[in-house]
Amino acid sequence: IQHVSSRRLNARTLCAQGKGGGSSAGSLVCRRTLLGLVGMGSLLSSSAASSAYAADGKVEFRRIPTQFIAALGDPTASQGTGAESWGLWRVDPGPRGVYLRDYERALKSKGNVAPAGWTFDDNDWWVEEHGLIMEKPDFPLPDGRYLVTGDRQVTTMLTVENGAWKLYEGSLYDVTHLPCRAARYSGSDPTRANQRDFPVKPGAVMPSVEGAEKQDYAVLFVIGVEKTFDPRYGR
């Protein structure tokens with residue numbers, strides 16, 4: 001894992017691991033071997049706690065099974081507002097998804113209930129880069145401090161508080177996992193999506209769907225949270 005040279009804050013200095021627990025290191029339906037996250041998983045597995053010292057004091061992180069943030073914002077920014085519109089998938093939605101081509105058989109004919117048990121909303125539906133319809137993330141992303149990465153060079157602390165967000169290092173682009181694409185659609189329905197538009201290339205925008213409004217989201221991997229923070233409930 002490479003650190004960011006500007007402050008030399010890397011996963012070794014950011015993470016604190018409690019005893020036990022495992023990491024799913026999923027890929028938001030990317031179905032790829034994330035060697036970088038495997039490396040981070042072993043790095044996080046140490047039982048000896050390490051600390052990061054930010055401007056507001058000592059911050060300790062504990063390892064969690066990988067979660068996924070759906071984020072909006074200027075990709076070149078390191079801080080901003082609007083985090084109340086960010087969401088969180090607490091489990092990888094990929095294996096729980098339904099391909100666009102199977103929408104009528106696997107969702108519509110089943111009362112819009114997916115085989116995995118989540119409910120499809122035709123006014124608010126999500127698709128990833130392979131053409132899989134996903135369950136919605138949970139909104140809003142709880143306030144707190146998260147250890148985030150895009151599985152590239154930057155692993156850093158994200159602070160979310162009262163709609164404001166701030167990265168300790170790097171930009172939103174730096175912690176975005178480019179192969180994972182995610183878009184939110186409203187209106188129309190999945191039958192109008194063009195199957196030939198998938199898969200979507202890493203970093204590219206998601207396809208439009210006739211009659212639907214679309215919003216692209218950046219996907220961030222969450223591999224740790226502040227020790228005093230529970231991402232299921234907030235502080």
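Which loop does Asn112 lie in? Asn112 sits in the loop between helix H3 (103-107) and strand S7 (125-128); helices (H or I, at least four residues) and strands (E, at least two) are DSSP runs, numbered from the N terminus.

A quick word on the model: it is predicted, so local features need pLDDT of at least 70 and side-chain atom pairs count only at pLDDT 80 or more, while totals for chains, interfaces and linings use all residues. Residues are numbered from 1 along each chain as its sequence is written, and side-chain values use heavy atoms, with hydrogens and water left out.

Most residues other than glycine have a negative phi, and most peptide bonds are trans. Here are the exceptions.

| Site | Feature | Value |
|---|---|---|
| Asn112 | positive phi | near 65 degrees |
| Asn162 | positive phi | about 50 degrees |
| Phe139 to Pro140 | cis peptide bond, omega | about -15 degrees |
| Phe198 to Pro199 | cis peptide bond, omega | near 0 degrees |

As for the prolines, Pro140 is in the loop between strand S8 (132-134) and S9, and Pro199 is in the one between strand S12 (182-186) and S13.
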